[in-house]
Amino acid sequence: MEIDEKEVKLLEARANSVRQQVVRMIANAGAGHPGGSLSATDMIVCLYFKLMNIDPANPDWPDRDRFVLSKGHACPPLYVVLAELGYFPKDHLMTFDHVDSILQGHPDMTKTPGIDMSTGSLGQGLSAGIGMALGARLRGSDYHTYVMLGDGELQEGQIWEAAMSAAKFGLDSLTAIVDTNCLQLVDEVKVIMPSCEPSGGKWRAFGWNVLEMNGHDTRQILTVLDQARRHIGTPTVVIAHTVKGKGVSFMEHNVAWHSRGLTPEELTQALRDLNETGGLTS
Amino acid sequence: MNHLQSMRVAFGEALAELGHRNPDVVALDADLAPATKFSLFAEEFPERFFQVGVAEQNMAGIAAGLATVGFVPFIGTFACFASCRIADQVRTSIAQPGLNVKIIGPYSGLLTGNTGKTHQAIEDIATYRSIPNVTIVAPADGVETSLAVDAIADYAGPVYLRLTRDPAPVIFDDTHTFEVGRAYRLREGDALTLISTGSMTPTALEAAVALAQEGLEATVLHVPTIKPLDVNGVVEAARASRCVITVEEHNIYGGLGAAVAEALSEQLPVPVYRVGIKDVFAESGPNALLLEKYGLTARHVVEAARRWVTRWSETRA
């Protein structure tokens, strides 16, 4: 894939504005999962604004690419992206997590236009992605299915049931992305489950094509996910090295920001950080 | 004696037949196809059959994904695994989004081929009754099983189909029809009302014949759809006798008896006695001895009926 530098800049700017909306939404709701939302943002932006074959005017198009956010708690950036693309009016964004909102605390395909699969209970999205990929094969369609997992989520047994079967079925129209931000709810992934990381060798042993990337580097995201899509014969997993809370100084690498709302002061600081750095901190 | 037919075999044949008529039907197995009779579909439609290995949770999730792109997935495993083992996968990936997945549990109740309590399913109805959007169907025999396969395939949304493993009496002929959500009056009588589901309906009918010989004429209401319950059918069946006995091969907590008691207590408060498993885990053993020990034979139904009619006869007089 040829990288257009102007496009990279636009995607980076887009990701920064998505991050700002994300922290506003979570502050407004008084609850949410900012850490894992911010680690996933750059990849979700690249998928929806560049890589995925979608038609927001026709959300039920049968041949569209699918995206399953298996780490469903990181839904705010996905909601912002869907709203920006016109799947629903942007004024819904500030209703996130409110009663009667179309934007639930975890993705709900029955309420939110553009959501391909309901998720929230960790470990289940990869199986659903396999079903979508098998469906593409049965229908003779060439759509691609992307599933985003969390690194803590890899502790769920169902992930490895799914990993075995995706390789068995030779699903090269399936790409899993592991948002490897190295933190989970209680502590660092390596403390909670020392054998969990590095996961690349495990995926390889299960029959997957394994790629790695910096999940905040737009050029790498575009290049590596394109490579994943072109791979033939086996499913591909992309280990995306990320920073939990990316772009907000007091959230980065801080386990306390897995799940909590922001005070008005914290929101002001977060927006200041994002404006100053453009989300492109270390 | 009626001739015997296995529900799981009737199911397998009906699914294979359905596969010819509906190209969107796909089947998923977790290493039990010869037992669940998904093998009959697999032989005819290998390209629409997916063997996922001993991994029921993944099977449920793959089915959900296939349903999102318009397929009608049937997944099969023993009833114990088709309920408790995948309860959260069904809840989150299938029932909450209302996806069109059919969950088949062919080794329900106690009669699981001498495998004991780990493989018996006495909690499956209760599990699925408490999950919104899930329809629960438990046919009485092979004939009704075949009809139910077609009906649930045409019925949009998640369905749990509860089946019995071994050959059992056939009570319906080819004039029987089956509609999801409807209960069926199989016998009329004013002395008491027997309300049964699944494989216990032949037992309830056998008990009704014996009770008639004692002068107690029973209405028998067969409830193949436990959820949504045909509340009107239940109320009307209980109206004349005002004395109800439920019969099921399931824990008395959370099953058909509980559903009937809940409905009647609000609509037509009458005494309800529940014949079923008394909140205990059972054990390994031959079918007849298990049914005897855990109180699920026609004789147990007759004895319960006599006691219940006697106890409430003064109230009703």
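I am working from a predicted model, which I keep in mind throughout.

Next I looked up the geometry of that crossing. The axes of α1 (residues 7–21) and α8 of chain B cross at roughly 40 degrees and come within 8 Å.

Then I asked myself which residues of α1(B) meet α8(B). On the α1(B) side I listed M7(B), A10(B), F11(B), A14(B), L15(B) and L18(B). Facing them in α8(B) I noted G142(B), T145(B), S146(B), V149(B), D150(B) and A153(B). Sorting the residues of this contact gave me 8 nonpolar, 3 polar and 1 charged.

I followed α8(B) onward to the sheet. Helix α8 spans residues 142–154 and lies across β2 (25–29), β4 (72–76), β5, β6 (135–137) and β7 of chain B. Against β7(B) I find α8(B) running at about 170 degrees.

Now for the sheet itself. I count 7 strands in an open sheet of chain B with mixed pairing, and I wrote down the order β3-β2-β4-β5-β7-β6-β12. At the edges I see β3 (49–51) and β12 (225–227) of chain B; each has a single partner strand, so one side of each is left without a neighbour in the sheet. From one strand to the next, I have the twist averaging 20 degrees.

Last, I zoomed in on one pairing. Strands β5 (residues 102–105) and β7 (residues 159–162) of chain B run parallel and are joined by 4 bridges. Within this pair I spotted K102(B) standing opposite V159(B) of β7(B).

Technical notes. Residues numbered from 1 in each chain as written. Chains lettered and ligands numbered in written order. Predicted model: local features only at pLDDT ≥ 70, side-chain atom pairs only at ≥ 80, totals over all residues. Pairing = 2+ DSSP bridges. Helix = DSSP H or I, 4+ residues; strand = E, 2+ residues; numbered from the N terminus. Axes fitted to C-alpha atoms, helices over the stretch in contact; angles between N-to-C directions. Contact = placed C-beta atoms within 7 Å. Nonpolar A, V, L, I, M, F, W, Y, C, P; charged D, E, K, R; others polar.
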